[in-house]
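Student: I have a model to work through. Can we take it step by step, from the fold down to single residues?

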Amino acid sequence: MRQPVPVLEPTSAVACCAPIADPGLSDDEAVATAELFRALGDPARVRILHILATQTDEVCGCDLEQPLGLSQPTVSFHLKKLAEAGVLDREKRGVWVYYSLNHEARRRLSDVLRLGRRKGL
């Protein structure tokens, strides 16, 4: 015959964890960050972001075809998605369009990438 398992009652009211120091993102910050992640949901867009983040000047959309190995219509599609999400700034110069990483998007991405870092690491 099985014996019933005794239920243990807590013996003290000690908190199990340290209090949370940072309350987290505001609703607006969370929405903006989610939009950034949605825009980066494709490997080609992540590669575009990397290329633009490592350049000192704006980059013409036509110059992205060769390093990405994608056709002009495909590159334009991805650039449009990133620009619509506010990740890229675009400037039309004649028939060419030049792109750069939006400063606010750069800040949001930088903040997100720092989330996992702890002091002393």
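This is a predicted model: local features need pLDDT of at least 70, side-chain atom pairs count only at pLDDT 80 or more; totals for chains, interfaces and linings use all residues.

Student: What share of the residues in the protein is buried?

Tutor: The cut-off for buried is under 20% relative accessible area. The protein has 121 residues, and the buried share of them is 25%.

Student: How much of the accessible surface belongs to carbon and sulfur atoms?

Tutor: Start from the total. The accessible surface of the protein is about 9,500 Å². The part that belongs to carbon and sulfur atoms is 56%.

Student: Among contacts between residues at least 6 apart in sequence, what percentage join residues at least 24 apart?

Tutor: A contact needs heavy atoms within 4.5 Å. Take the contacts between residues at least 6 apart in the protein; the percentage joining residues at least 24 apart is 51%.

Student: Which are the edge strands of the sheet?

Tutor: The three strands form an open sheet with antiparallel pairing, in the order β1-β3-β2. An edge strand here pairs on one side only. That gives β1 (59-60) and β2 (88-93).

Student: Is histidine 78 buried or exposed?

Tutor: Histidine 78 lies in helix α4, residues 72-84. Its relative accessible area is 7%. The cut-off is under 20%, so histidine 78 is buried.

Student: Which residues does histidine 78 touch, not counting those up to four places away in sequence?

Tutor: Apply the heavy-atom limit of 4.5 Å. Leave out residues up to four places away in sequence; histidine 78 then touches Asp42, Ala44, Arg45, Ile48 and Leu70.

Student: Why does threonine 33 count as buried?

Tutor: Threonine 33 is found in helix α1, residues 27-39. Buried means under 20% relative accessible area. Threonine 33 counts as buried because its value is 9%.

Student: What distance separates the C-alpha atoms of threonine 33 and valine 112?

Tutor: Leaving aside neighbours within four places in sequence, threonine 33 is in contact with Leu25, Arg108 and Val112. Threonine 33 and valine 112 are 79 residues apart along the chain. Their C-alpha atoms are separated by 7.9 Å.

Methods:
Residues are numbered from 1 along each chain as its sequence is written. Side-chain values use heavy atoms; hydrogens and water are left out. Buried means under 20% relative accessible area, exposed over 50%, partly exposed in between (1.4 Å probe, protein chains only). Accessible areas come from the Shrake-Rupley method with a 1.4 Å probe; for residues, only the protein chains shown count as cover. Two strands pair if DSSP finds at least two bridges between them. Helices (H or I, at least four residues) and strands (E, at least two) are DSSP runs, numbered from the N terminus.
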